Structures are given as C-alpha cells and as structure tokens.
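Trainee: Please take one part of this model and look at it closely for me, beginning at the surface and then turning to what is packed inside.

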Amino acid sequence: MKNDLSKRLAGYKGEKAVDYQLSFLHEDNFYILNGIRLNESARFFQMDSLLLNKYYMIKLEIKNIAGTIYFDSNFHQLIRELDGKETAFQDPIVQSLQHEKQLKRWLKKNMFSNIPIHSLVVISNSNTLIRTSPHDNKMLSNMVVNANYLPTKLQQIHNKYKKEIISEKEIKKIIRQLKKGHQELDQPILKKFKIRKGDILNGVICPSCSFLSMERLYGTWLCPKCQHKDKNAHLKAIKDYKLLYGPEITNQHLRDFLCINSSALATRLLNSLDVSSIGSTRDRIYNLDIKNK
C-alpha cells in the first residue's frame with residue numbers, strides 16, 4: 001500500500017508540473033481535460049491530459065521518473081537507472097499509441113472521426129536524463145518531450161495547422177460526450193490489496209480521540225473513552241466501508257460494520273443517506289454511490 005501511495009504521489013506531482021507548463025499557453029488555444037477514463041469495446045483507457053481545439057487533439061501521457069531512462073525499441077520497454085539499480089517499465093510510447101487507437105475508435109463510435117490526434121509522452125521531472133539508441137532519436141524526439149519544452153513543442157504542432165477541422169460548437173459537444181463517457185476507477189481496497197475481511201476492525205471511530213469504537217446511545221454516538229458525542233460519526237464509517245468493500249451494502253452488513261444490533265436503526269441510517277436501493281425489505285441492497293453528499 002505504501003508503494004502504491006508512493007507511485008500515486010509521484011504521478012500527481014508529475015501532472016502538477018505539466019499543468020504548470022500548460023498554464024503558459026494562451027487560454028484561447030486549447031480546452032484541457034485531465035484524467036478522462038473511457039470505455040472502448042469493454043476495454044478501459046485513461047488519458048492523463050487531453051488538449052482540444054478546432055484543428056486537432058493532443059493526448060499527453062505523463063511520466064514522473066527520476067534518474068536516467070533509456071527507451072529500448074527492440075524489446076519495447078523503458079529502462080530506468082537510479083542509484084546503480086536498473087528497473088524495467090512498460091514502454092510509455094507503446095502505451096500512448098495504443099490509447100490513441102482506442103481514442104480514435106471511441107471518437108468514431110460517437111460520430112467524431114475526422115479529428116487529427118497527436119500523442120506525446122511528457123517526462124515531468126526536469127532532472128531526468130533521457131536516452132535511446134541513435135537510430136531511434138528521430139522517433140523519440142517526435143513523441144517524447146521534457147515538460148520544460150512542452151509549450152514550445154505544442155507551438156510547433158500548432159504551426160502546422162492552418163485550416164479549422166471542427167467548429168466551436170462541435171468542440172463543446174465532444175467535451176460533453178467525453179465527460180459523459182468518463183468512468184472513475186473505483187476498485188474496493190480489500191480486493192485491490194488482497195486483504196482479508198477478518199483483518200478489518202469494525203466500529204465507529206471517535207473523531208475526537210480516534211478510539212474504536214463509539215457506542216450508539218439515545219440518538220447519538222458516544223465515545224466511552226473521551227465522552228465525545230457526535231450524531232453523524234457513522235458517516236465517516238460508511239465512507240470507509242465503501243472504500244473497503246465497494247458501494248453495495250445490506251442492513252446486516254451495516255450492523256456488522258457499525259457494531260449495532262438494531263435492524264430498524266440500520267434502516268434509518270441508510271434511509272437518511274438518500275441512496276438508491278433494490279430488492280425487498282428483507283433482501284434489500286443499498287448503493288452507497290452518494291458522490292459528494
């Protein structure tokens with residue numbers, strides 16, 4: 001889990017570094033969408049950044065990798081050397097070109113098939129040394145760019161286009177379709193990290209002293225350790241349940257997780273969330289996709 005967090009933080013910092021470079025672009029040149037994840041023929045693909053205007057699209061694959069990186073076109077992998085240790089990664093060029101094909105198919109399916117697409121791999125760490133074999137230099141320079149050089153590279157691409165391909169109205173229609181098609185990756189934590197259900201400690205955590213577990217008493221939650229009272233302490237626990245197990249929950253599952261005995265109380269708590277449900281009273285399943293409620 002720590003390794004996963006470290007990778008996510010590195011990715012986030014890399015994307016922020018690229019956002020900074022994109023801020024130098026004239027605001028009328030592009031619409032910018034970040035983190036769009038689409039379903040194409042039952043296969044999902046995600047784009048770190050997608051730039052759109054009346055002439056073309058530019059898809060950015062952002063990599064925050066420290067050290068010296070070598071693009072190996074023979075075996076289609078990226079090799080990183082750091083502190084005397086070599087590590088192999090999936091070739092981001094191959095990945096980017098695959099996502100480009102999927103994006104083209106998705107656009108064609110949604111009746112937008114005439115838009116040129118450029119794919120770039122952006123190395124966000126300015127201290128990273130980028131290398132490849134001499135015969136791959138041209139291909140590498142066309143597709144791989146250091147984040148500091150990104151505004152210049154985008155301007156070079158822009159200078160090649162003179163004729164508008166789509167209208168402003170069509171751009172906004174594409175953006176609406178992209179946002180509508182976007183699906184977040186929402187994988188339950190237990191499943192992702194192969195954690196056993198028995199390893200999870202149930203109960204409502206006290207927001208004041210973090211004691212586990214609070215007790216339900218006269219319509220509120222009471223901490224037996226610090227005597228803190230909180231009517232809504234269960235909301236954080238329900239959010240934790242969704243992250244751990246997924247969005248579906250039953251009355252019995254809620255009772256087990258909150259350490260309460262009353263079926264009626266569990267029903268009241270679930271109904272107070274204003275979430276959707278299916279099934280009869282006995283077998284009812286609630287969906288905790290409550291977004292920002």
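**From a surface leucine to the interior**

Mentor: L201 is exposed, its relative accessible area being 68% (exposed means over 50%, buried under 20%, partly exposed in between, with a 1.4 Å probe and protein chains only). The model is predicted, so local features need pLDDT of at least 70 and side-chain atom pairs pLDDT 80 or more, while totals for chains, interfaces and linings use all residues. Residues are numbered from 1 along each chain as its sequence is written, and side-chain values use heavy atoms, without hydrogens or water.

L201 sits in the loop between α6 (189–193) and β10 (215–217), helices being DSSP runs of H or I with at least four residues and strands runs of E with at least two, numbered from the N terminus. Together with I205 and L212, L201 forms a nonpolar surface patch with about 290 Å² of accessible area.

Helix α4 (residues 150–159) has L150, P151, K153, L154, I157 and H158 as its buried residues. These lie on the same side of α4, because they cover an arc of only 160° around the axis, taken from the directions from the helix axis to the C-beta atoms. Among the elements covering them, by contact of heavy atoms within 4.5 Å, are α1 (2–22), β2 (43–52) and β7 (117–123).

Technical notes:
Patch = residues over 30% accessible without salt bridge, like charges linked within 9 Å, V, L, I, M, F, W, Y side chains within 5 Å. Areas by Shrake-Rupley, 256 points an atom, 1.4 Å probe, with all protein chains shown as cover. Salt bridge = Lys/Arg side-chain N within 4 Å of Asp/Glu carboxyl O.
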